Structures are given as structure tokens and as C-alpha cells.
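This report covers selected local features of one protein chain. The sequence and structure come first.

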Amino acid sequence: MSYDLIIKNGTVILEHDAVMTNIAVKDGVIAAIGDDLNDAKTIIDASGLVVSPGMVDPHTHISEPGRTHWEGYETGTRAAAKGGITTIVEMPLNQLPATVDRASIEMKFDAAAGKLTVDAAQLGGLVSYNLDRLHELDEVGVVGFKCFVATCGDRGVDNDFRDVNDYQFYKGVQQLAGMDQVVLVHCENALICDGLGDEAKAEGRVTAHDYVASRPVFTEVEAIRRVLLLAKEAGCRIHICHISSPEGVAEVTRARRAGQDVTCESCPHYFALTTAQFEEIGTLAKCSPPIRDEANQRGMWEKLFQGEIDCLGSDHSPCPPEMKEGNILQAWGGIAGLQNCVDLMFDEAVQKRGMSLPQFARLMATNAADIFGLKHKGRIALGKDADFVFIQPDSAYVLKNDDLEYRHRVSPYVGRTIGARIHKTILRGEVIYDIERGFGAKPTGKFILKHQQ
């Protein structure tokens with residue numbers, strides 16, 4: 001049989017093993033895996049490279065429409081491709097209007113036309129003002145719903161995202177359970193975090209350590225416990241976003257062992273940065289939940305290796321540089337990290353700490369695809385989309401601003417030495433990024449809708 005593409009001689013990460021083998025692609029799909037594959041229109045030699053499933057990023061903020069000056073589809077998805085991400089799960093906030101009904105999600109589809117370098121699955125929002133419209137988003141085909149029990153949104157903007165109180169959360173997840181939707185939750189106790197933050201500002205305590213102290217671990221743990229209980233009563237699947245503490249992970253593990261349908265994610269920045277580094281870097285490393293101390297980080301690494309964290313996501317949430325000005329308590333909280341999830345974590349987890357390649361692929365691709373029902377993504381297996389990232393191990397480089405594809409070329413990782421590189425990214429059999437040649441001729445990404453899976 002003649003194929004469109006054969007990838008030869010790479011170390012290929014399969015579901016339970018990593019082996020040197022060849023992969024054949026036909027019509028954008030993985031058609032064969034094995035040593036005796038030779039006949040194809042195009043052959044790529046991956047000698048010396050690790051061939052992993054393209055990353056499925058479960059937590060990406062693209063701010064188009066309405067705030068394209070923060071991050072747009074063109075820049076954001078190019079950064080994803082350059083970073084080895086082939087599918088993003090896009091959050092329903094930061095753009096205006098927030099994605100809370102049929103009209104607002106159709107605005108996103110229109111805004112993204114011809115701009116997607118990678119594929120994008122969509123989330124709808126569960127907010128204080130759309131309990132009567134959740135069904136519209138389900139009908140369009142979102143793969144999940146996002147909500148905040150921490151304070152969020154600009155109160156001066158009518159169509160911005162809004163957090164939910166306990167009643168609104170409960171009524172929302174009751175509905176979404178009947179739609180077989182997963183609900184993603186940002187878990188921090190709103191009243192306590194807001195109050196501690198206000199106290200710190202009033203007293204002039206505005207350092208990185210002061211910011212972290214204003215959002216202590218127990219505020220994350222309490223919120224996780226609360227939403228797990230309410231979701232259990234409603235019978236709804238829950239996914240806890242960007243957990244920053246081992247104590248928070250332990251709450252998810254406890255609920256899962258008791259039979260609850262719950263998953264969780266964390267982010268590379270919680271494994272690569274500490275509060276002391278946050279202090280040195282400044283506002284570019286401000287996020288919520290915050291970057292915590294070294295002891296907390298050690299606990300997170302233990303939870304990651306033990307398999308208690310399902311997947312890793314960038315929580316890419318950039319903004320214009322002027323919103324990062326001022327002291328740490330005043331500045332916008334969000335990290336630009338989309339482009340350096342794969343290389344950074346390959347270096348930190350695989351090269352420095354000995355994580356197996358199959359576990360790495362599960363954390364970066366497979367588990368997220370399963371959580372969001374992306375049936376054709378996340379694995380190098382027959383019949384799956386031919387989405388790959390070629391990783392060049394032991395190839396250290398220093399990240400520079402000019403390397404970044406973001407709308408604003410800033411990141412807390414600039415100046416950091418990263419010990420691996422993204423060599424090539426392939427989406428459905430087409431090279432969308434190559435370290436030597438750059439990007440493909442035109443964007444080939446598309447939206448992934450639940451009913452089309």
C-alpha cells in the first residue's frame with residue numbers, strides 16, 4: 001500500500017511503551033505502525049528524535065474576539081504549533097463577549113476563520129447570568145463547561161465572564177449532568193482570597209510572597225471540597241483546573257477513590273517555578289492560584305509521578321504588557337506559557353527526573369483527549385489523527401523574547417535554559433511547524449465539536 005507520509009527511525013511513544021519504529025499516514029490518519037513501511041509520497045527521517053502524540057492542551061485562553069490585543073487566534077495557535085501542541089481546549093473567557101450562549105460562540109467561529117494553525121475544541125461558560133442558555137452551548141457542540149468559584153471578570157464590562165455562587169453552581173451542574181457534560185472549576189475561596197488581598201494592599205504588602213500569602217493553600221482545598229460535594233449531589237462529572245498544591249490533589253484522589261467521577265490538571269509553571277523565582281521574575285509570573293514554595297513543589301512532583309494528576313495544561317492567559325505594570329498585587333494575574341509546555345516538561349520530568357515516555361505522553365496528550373471526548377486525538381495508534389510532535393532531547397537552548405510567537409513576546413521563561421527542543425509539529429499528517437523551515441504555507445486547524453466526534 002502507498003501512503004501519504006511515513007515517519008521513520010524515531011523513538012515512538014505508544015500507549016504502553018516507547019520503541020524505535022515507523023509510522024504511516026494516509027488521509028490524515030495513522031494507517032500503519034511497524035518496521036516494514038517504505039512506500040510513501042513523503043518520508044521523514046526522525047532519527048535521534050522522540051515522536052510523541054501532539055500535545056492536547058486542556059486549558060488555553062485565546063482572547064479573540066473583543067480582546068485580540070491580548071492574544072488572537074493567529075498568534076496563539078502559531079505559538080501552540082511551535083510548542084508541539086496540536087489541539088487546544090479553549091476557555092470561554094478573556095474574550096468579549098464571554099462564550100455563554102449560541103450567539104457568542106458563533107462570534108468566535110467567525111473570528112477564527114482561516115486563522116487556526118492547530119485544532120481547537122471549545123468550552124462553554126457556566127456563569128451567574130446564563131443558567132437559561134446552557135443548552136444552547138451543548139447543542140452547538142462544546143466539549144465541557146468552565147466556571148469560577150473564585151472572583152473573576154471585569155465588573156465594569158457587562159458581557160465579561162462572571163463567577164458563580166454555590167446556588168448557581170449547583171443549579172448549573174444539575175443541568176449539565178443531564179447533558180453528559182464535564183464541568184471545569186477554578187477552585188479558590190472567593191471571599192477569603194479577596195479579603196486577604198484587600199488587607200495586603202491596604203497595608204502595603206505587595207511582594208510576591210505577600211501575594212502568595214493572600215491565597216493560601218487552604219483556600220484552594222476548601223473550594224475543591226465544596227465543589228466536589230455539590231457536584232456529587234448533582235451527579236455531574238467534574239474537572240478541577242490548575243491545582244497548585246499537593247493537598248488539593250489529595251482531595252481529588254480521595255473523592256476518586258470513593259467512586260466520584262472527577263479528574264484534575266496542573267500546569268508546568270507549578271513544577272518549574274517557585275515563589276523565590278516568582279519574586280525575581282516579577283509580575284510576568286503572577287497567576288492564580290499562585291506559584292508556591294519549594295516544599296509545595298516537591299509535593300506536586302510526588303503527586304505527578306504517582307499518577308494523581310491526570311494532565312498538564314498551559315493555562316495560557318496573556319495580556320498587554322501595560323497590564324503587568326505596577327506591583328504584584330495590582331498586576332493582571334496570568335502567565336504566557338503555551339509555547340513552552342512540551343519542551344519544558346520533557347526537560348524537567350523526563351530528562352531531569354526520569355519520568356517514562358508513556359507517562360509523559362499520558363500527561364501531555366492522552367488523558368486530556370479522554371477527559372474531553374476527543375476520540376481521534378491524544379494517541380499514536382491506528383485510526384487516530386496523525387498528530388505528532390518531534391522532540392529533540394539533550395539540546396539545550398536559552399529562550400529569548402524573539403523566539404516567542406505570542407501577540408506580546410513576553411514570558412516568565414525568557415532567559416531560562418531549556419534542555420530539549422521542539423523539532424517538528426504535524427497536524428493530521430501535515431507539517432505545521434519545522435525548526436528549520438518555520439510554519440506551513442497556510443493554517444490548517446479546525447474546530448472540534450462534540451457531536452462531530
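The model is predicted: local features need pLDDT of at least 70, side-chain atom pairs count only at pLDDT 80 or more, and totals for chains, interfaces and linings use all residues. Residues are numbered from 1 along each chain as its sequence is written, and side-chain values use heavy atoms, with hydrogens and water left out.

Helices (H or I, at least four residues) and strands (E, at least two) are DSSP runs, numbered from the N terminus. Helix H8 (residues 246-257) packs against helix H11 (residues 294-305) at about 30°, with the axes 8 Å apart; axes are lines fitted to C-alpha atoms over the stretch in contact, and angles run from 0 to 180 degrees between N-to-C directions. The two helices, H8 and H11, are therefore roughly parallel (angles under 35 degrees). Pro246, Glu247, Val249 and Ala250 of H8 meet Asn296, Gly299, Met300 and Lys303 of H11, contact being heavy atoms within 4.5 Å.

| Bond | Geometry | Omega |
|---|---|---|
| Leu96 to Pro97 | cis | about -5° |
| Ser288 to Pro289 | cis | near -5° |

Pro97 sits in the loop between strand S7 (85-90) and helix H2 (102-112), and Pro289 in the loop between helix H10 (275-281) and H11.

The loop between S7 and H2 also holds Asn94, a non-glycine residue with a positive phi of about 90°. Asn94 is buried, at 5% relative accessible area (buried means under 20%, with a 1.4 Å probe and protein chains only).

Conventions. Parallel < 35°, antiparallel > 145°, perpendicular 65-115°, else oblique. Buried < 20%, exposed > 50% of the residue type's maximum accessible area, 1.4 Å probe, protein only.
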